[in-house]
Amino acid sequence: MQAGTAGQATSGRAPVIAANKLSLTFETNDGPVYALSDVDVSIDEGEFVSLIGPSGCGKTTLLRIIADLERPTSGRISVNGLTPEGARLARQYGYVFQAPALYPWRTVERNVRLPLEVMGYAASEQVERARRNLALVNLSGFEKKFPWQLSGGMQQRVSIARALSFDPKLLLMDEPFGALDEIVRDTLNTQLLKLWRETGKTVVFVTHSIPEAVFLSTRIVVMSPRPGRIIDVIETSFPADRTLDIRETPEFLKVAHRVREGLRAGHSYDE
Amino acid sequence: MTSEVATSAGLEKRAPWREGTAFAVVSLVAFLLAVWYIACVPMNDVVTETRLGGRDIGWGAWLQASWSLERAVLPAPHQIVTELWNTVVLVKPWSPRSLVYHGWVTLSSTLVGFLMGTVLGIVLAIAIVHVKSLNKSLMPWIVASQTIPILAVAPMVIVVLGSIGFTGLVPKSIISTYLCFFPVTIGMVKGLTSPEVMQLDLMRTYNATRNQVLAKLRWPAAVPFLFASLKVAIAIALVGAIVGELPTGAQAGIGARLLNGSYYGQTTQIWAALVAASVMAASLVGLVGLIERMVRRAMGGRP
């Protein structure tokens, strides 16, 4: 991890995330669990990369390693040329969890201001950024509401605004729409795509929904469980201003088919 | 749904004081009073007998006599009400005969003890949550402290503090503190560790300091636990203050009234002091509950 201590990205178009032979083994009472095994992945700036796979395939673990919420057992990983810890200490990524994880005693606005308070932004700047990012997720006018007054989809949009509020270049999303119904999920997918196009963020997106992964991503990483490893990496080339309608096109179905094949191959050994 | 709205105004619908509740409360009070009055007769049998000197005066007069004895074993409710009226309303509040005066003496040490106990309880909880080894090393002592009967500790505290010049409010408050820090510590340890992993991870992604996690996450998450503890704490702070008044030679306070009453066989005075103590306890718990509701609303609680 000498790249991390140097504190600088190497010149040129260095990848935002570069993982090399990354493994993570959890020691449990029932013996070791191989969450990740020899994972190599490289993600460039501005990409939208989905990690897809069945539960237990280590896709969330990989995201948590990038975010320095877990430490790998072996292998190397750099985030913006830093170690994950360095990137976390420098507040270089925004993280969106499976659940909104809003603080129920804070209003919507104060929830979005939470990271800004922690990072010591001026109060006027906090208000302005909260307003701007809530507008970005179409929640203007809900500033003074408390989380329980909002639907699940709206709560998750607040949590996206919160992750964007301090303007990190990298957005890590862990099944953010997994708990929502399909209709809400479709709408939020469209909004997220638009947001990604407008902000140019690098997004790493964990999901177990094939249509979601194919619709959103520039690249899809298919993973399999026990041990968690990468089965296939699929590039897509849909137009940037695509709509949900492309899900009916043959190209879309072809990509979706390949993802499904990959998932099936990873699963063939048992169950 | 619509008919419900039509038949009753919004306020009435939400009022907790329904007709059924009122009926239940009134009948329960009436029942208890009836039992009390009936119990007075056999309990005061001997005293009434002595008072009447063996005269046979019929059962009606007997009842009347056993409900109006000066030194009854069990005074009748109306006697206690009269005593309360005489010592609360008819005397000046600063007179030593006034129950208001004694109540204030007890209340002041209760509140001081409660404040100190709350601060101590919170400080201990924060320390326990943040320093892992304290959970193992300090917690057993905290639990053990509560297994010692307060009646055994109170005289020692009074004597020791008295010998170094602390008398009156301070020793009594310390006994209250000793009793009421405990539920605060237990509740706050639970409350400060109540945030979910995800909420804690979120703070970690912001590289938040430990103090920021405490101020912005652990503390607000612990507030509901704090209030549950405070309700218990303030009631036992009052008990502590009363117990602290017993070994002081019964100069002032509710505890002094209890002791005085038992010295001189003034059962009515004891009962009046007990009523005063329970009214105080109920008001204090009610006050904490009121503050809790206000805080809850400010923190976005559902109405």
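Pairing needs at least two DSSP bridges between the strands. Ser224(A) is bridged to Arg229(A) in β9(A). Together β8(A) and β9(A) make a hairpin with four residues between them, and in that turn Arg226(A) has a positive phi of about 45°.

Quick housekeeping: this is a predicted model, where local features need pLDDT of at least 70, side-chain atom pairs count only at pLDDT 80 or more, and totals for chains, interfaces and linings use all residues. Residues are numbered from 1 along each chain as its sequence is written, with chains lettered from A and ligands numbered from 1 in the order in which they are written.

Next, the sheet in chain A. It's open, three strands, order β2-β1-β4, paired antiparallel. On the edges sit β2 (31–43) and β4 (74–79), each pairing on one side only. β1 (17–28) is joined to β4(A) by five bridges, and Ala19(A) has Ile77(A) as its bridge partner there.

Last, the contact between chains. Chain A puts in 20 residues and chain B 16, counting two residues as touching when their C-beta atoms, placed from the backbone, lie within 7 Å. On the chain A side, α3 (84–89) and α4 (108–118) each supply at least two residues. So which helix gives the most? That's α4(A), with four residues.
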